[in-house]
Amino acid sequence: MQQISESEQILMKIIWKNGGIALYSQIMEELEKDHNEWKKNTVLTLLSRLVEKGYLQTGKIGRRNEYRAVVAEQEYRAKQTRTFLDKVYEGNVGGLVATLLQQNVLSEEELKEIEAFWERRKS
């Protein structure tokens, strides 16, 4: 799975939020809601790159372009997490967790959720 830029990720999040399918016009509406003023050519270029990288498929509905996610958001997150873990922590999950704990990144509630998840996995 190829890396995608932050700009490409913004478009993917819009498509994932829309159930994995979005018309070009829907993407533009969402960008406008977020006060993103990308030009039409910029958006079309980014969408074309996502198609080339295998993240999207494109189709036509009449004269309108439809974009369909090929990669699910959860799959993308899992891959990015693994890439980050390998790159920054050399695959050492304990090092990542230790950093999160040392930096007080996790709330007590989040820690309880992790403990509950762990207990369910052990069963």
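**View 1. Two helices, α5 (93-102) and α6 (108-122), each give at least two residues to the lining of the largest pocket.** This is a predicted model, where local features need pLDDT of at least 70, side-chain atom pairs count only at pLDDT 80 or more, and totals for chains, interfaces and linings use all residues. Residues are numbered from 1 along each chain as its sequence is written, and side-chain values use heavy atoms, with hydrogens and water left out. Helices here are DSSP runs of H or I with at least four residues, strands are runs of E with at least two, and both are numbered from the N terminus.

**View 2. The lining of the largest pocket has nine nonpolar residues, with no polar and no charged ones.** Lining it are Val93, Val97, Leu100, Leu101, Leu106, Leu111, Ile114, Phe117 and Trp118. Nonpolar covers Ala, Val, Leu, Ile, Met, Phe, Trp, Tyr, Cys and Pro; Asp, Glu, Lys and Arg are charged, and the others, Gly among them, are polar.

**View 3. The space in the largest pocket comes to about 290 Å³.** A pocket is an open set of points on a 1 Å grid over the protein atoms alone where a 1.4 Å probe fits, with protein on both sides within 12 Å along at least five of seven lines; lining residues have an atom within 4 Å of a point. The volume is the space filled by probe spheres set on the points, which are joined across faces, edges and corners.

**View 4. Stepping back, the chain has six helices and three strands.** Read from the N terminus, the order is α-β-α-α-β-β-α-α-α.
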